[in-house]
Amino acid sequence: MLTLIGLLIIISIVVLLMTGKTSPVIAMSVIPLLGALLAGYSLTEITAFFDYGIKKVANVAVMFLFAILFFSIMKDLHIFNPFIRLMIGLTRGNVVIVAMVTALVAAVVHLDGSGAATFLIIIPAFLPIYRRLGMSPYLMLLLMCMSMGVMNMVPWGGPLGRASAVTGISASVLWQPLIPVQIIGITASVLVAALFGLREKRRIARAAQYGTTPYEQDSLLELYDEADNEYGTEKPQWFFINMSLILLAILSLALGWLAAPYIFMLALSAALIVNYPKPKD
């Protein structure tokens, strides 16, 4: 009975969200309440469930909050731009290298675990290159998501956060044995990107016989006006200090020096002190 009601709750939430019938807050707040009432639980018991659930996920929620704020500030300060410019510069119009660099840059940019931010940074930077070389934009999205899937196993990403909430084990502890897996995964994603790059090179050659390109074949809409401006020309502020903060935070997390939420609370505090010493700023 409980299993069936639980599955009904999950299916109802997914259907409502995918069909756009309601907002996530409403679906995830009201549907479980209705399911619990259907299962025969009293309001007192439901309140106890809620209190227990909040306590169980509090650490993960705090870590998410401060980690996302910390990495968002780093992005706003253009700390990652020199790496992106360097890797884009290495492509030199080579289709295979462009594919490999797409996977690498996506891994670096996805360090904050935010998919939306990664898309907003990668697409404007790489789509003009893909258009100029005739590469399919679908390939860019494929390579991005492949790397993002590997990098999303960081403690402040969704999967480990959920695993931590369910098991009660700290996300940083769960992450430590996954570090070698991520290294292997990123290496594999670059190698797979190279294979896709070789495939795309052959597609470009075949399409050229018909006076077109994979980009033109796969682009149903003109999504972006080509721009030859160098990506990220803004000069990062306090680059070495901020990069040291990022490395120190990740190292502290990997070695378990402090609790994960506290690491990012301190990292965010240090970032604010260095970059925005005036509270008004």
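Let me start at one residue: Ser12 is partly exposed, with a relative accessible area of 24%. Partly exposed here means between the two cut-offs, where buried is under 20% relative accessible area and exposed is over 50%, with a 1.4 Å probe and protein chains only. This is a predicted model, in which local features need a pLDDT of at least 70 and side-chain atom pairs count only at pLDDT 80 or more, while totals for chains, interfaces and linings use all residues. Residues are numbered from 1 along each chain as its sequence is written, and side-chain values use heavy atoms, with hydrogens and water left out.

Ser12 sits in helix H1. Helices are DSSP runs of H or I with at least four residues, strands are runs of E with at least two, and both are numbered from the N terminus. From Ser12 to Met28 there are 16 residues in sequence and 9.8 Å in space, C-alpha to C-alpha.

Now H1 itself. It has 17 residues and reaches 24 Å from its first C-alpha to its last, close to the 24 Å expected at 1.5 Å a residue; the expected span is 1.5 Å times one less than the number of residues. Which residues of H1 are buried? They are Ile5, Ile9 and Ile13. Seen down the helix axis, the buried residues of H1 fall within an arc of 75°, so they line one face; the arc is taken from the directions from the helix axis to the C-beta atoms. On the other side of H1, the exposed residues are Thr3, Leu4, Ile10, Ile11 and Met18. The cover over the buried residues of H1 includes helix H2 (24-38), where cover is judged by contact, meaning heavy atoms within 4.5 Å. Just after H1, Gly20 has a positive phi of about 70°.

Next, the whole chain. It holds 13 helices and zero strands. Buried residues account for 38% of its 281 residues. The C-alpha trace spans about 70 × 45 × 40 Å along its principal axes. Of the contacts between residues at least 6 apart in sequence, 71% join residues at least 24 apart.

On to the interior. A nonpolar core is a set of buried Ala, Val, Leu, Ile, Met, Phe, Trp, Tyr and Cys residues joined through side-chain atoms within 4.5 Å. In the largest one, with 32 residues, Phe70, Phe71, Met74, Trp156, Ile246 and Phe264 touch the most other members. Two or more residues come from each of H3 (43-76), H7 (137-151), H9 (171-175), H12 (239-255) and H13 (260-275). H3 gives the largest share, seven residues. A second, separate core has 24 residues, including Ile129, Met140, Ala193 and Tyr215.

What does Phe264 contact, leaving aside neighbours within four places in sequence? Its partners are Met63, Phe66, Ala67, Phe70, Phe71, Trp156, Ala249 and Leu253. Both Ala249 and Leu253 are among the buried residues of H12, as is Ile246. After H12 comes Gly256, with a positive phi near 65°.

Last, confidence. pLDDT is the predictor's confidence in each residue, from 0 to 100. The chain averages 82, and 90% of the residues score at least 70. Helix H1 has the highest mean, at 92, and helix H4 (residues 81-91) the lowest, at 71. Over residues 223-231 the pLDDT is below 50, and this stretch has 18 contacts in the model beyond near neighbours in sequence. Where pLDDT is low, the predicted coordinates should not be read in detail.
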